[in-house]
Amino acid sequence: MQLESHPEGGYFKETYRSNEIIPQQVLSTRFTGDRCFYTQIVYLLESHQKSKLHRLKADETWHFYEGVPIVLYLISPTGSFSTVTLGRGNEGFVFQYTIPHGYWFGANIEAVDGFSLVGCTVAPGFDFRDFELGDQKKLINEFPENQSLIKFLT
């Protein structure tokens, strides 16, 4: 499978894009234009990489497939911080997690060596018009209590 570099870090390949379309007039006003029903990708993050803080206008579900556990770092629109670890075999790890739209999030592998292979499903379907990469200065200004995380993941 040929993977491409992702702007947030890591590598990805789109594996499915629904050919059915949701018209803009029935979508939330946060979307500009029609969207497909949903999309799926595989996403690979290696231990020397980070998934930089970003946010989407749609919900995104991460599914753990293979490798070492991967930590999702989330900042809600009100500034509350949380983490979720995707993985298998240990108490407290989950196989999948849905990140609500509007949350800033990134990911990191805490293992010194290894990789995590996950899948990501977005509904309505992913469109780069709905993707925003975090700006360190703006995020620190908005969420000063999360400054160290923001510096780490931007």
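Trainee: Let's start with F126: buried or exposed?
Mentor: F126 is buried, because its relative accessibility is 17%. Buried means under 20% relative accessible area, exposed means over 50%, and partly exposed is in between, with a 1.4 Å probe and protein chains only. Keep in mind that this is a predicted model, where local features need pLDDT of at least 70, side-chain atom pairs count only at pLDDT 80 or more, and totals for chains, interfaces and linings use all residues. Numbering starts from 1 along each chain as its sequence is written, and side-chain values use heavy atoms, with hydrogens and water left out.

Trainee: How are the rings of F126 and F131 arranged?
Mentor: Their centres are 6.3 Å apart and the planes sit at 70 degrees, so that pair is edge-to-face. Rings of Phe, Tyr and Trp (its six-membered ring) pair if their centres lie within 6.5 Å; planes under 30 degrees apart are stacked, over 60 edge-to-face, and the rest tilted. F131 is buried too, with a relative accessible area of 15%.

Trainee: How many aromatic pairs are there in the whole structure?
Mentor: The search finds seven. One of them is F126 with F128, where the centres are 4.8 Å apart and the planes at 85 degrees, so this is edge-to-face. F128 counts as partly exposed, at 45% relative accessibility. Elsewhere, Y43, W62 and F105 make up one aromatic cluster.

Trainee: Which sheet order do the five strands have?
Mentor: The order is β9-β8-β11-β6-β13 in an open sheet with antiparallel pairing. β9 (81-86) and β13 (131-133) are at the edges with a single partner strand each, so one side of each has no neighbour in the sheet. From one strand to the next, the twist averages 25 degrees. That angle comes from axes fitted as lines to C-alpha atoms, and angles run from 0 to 180 degrees between N-to-C directions. Strands here are DSSP runs (E, at least two residues), numbered from the N terminus, and two strands pair if DSSP finds at least two bridges between them.

Trainee: And β8 with β11, how many bridges?
Mentor: Five, antiparallel, between residues 70-75 and residues 104-108. In β11, F105 is the bridge partner of L74.

Trainee: New topic. Which residue does D130 form a salt bridge with?
Mentor: With R35, and the closest N and O atoms are 2.7 Å apart. D130 is in the loop between β12 and β13 while R35 is in strand β4, 95 residues apart, so to speak linking distant parts of the chain. Both residues are buried. A salt bridge is a side-chain nitrogen of Lys or Arg within 4 Å of a carboxyl oxygen of Asp or Glu, and the count comes to five.

Trainee: What about E14, which partner does it have?
Mentor: R17, with the closest N and O atoms 2.8 Å apart. E14 is partly exposed at 34% relative accessible area, and R17 is partly exposed at 39%.

Trainee: Last one: where is P124?
Mentor: P124 is in the loop between β12 (115-123) and β13. The peptide bond from A123 to P124 is cis, with omega near -15 degrees. Most peptide bonds are trans.

Technical notes
Helix = DSSP H or I, 4+ residues; strand = E, 2+ residues; numbered from the N terminus.
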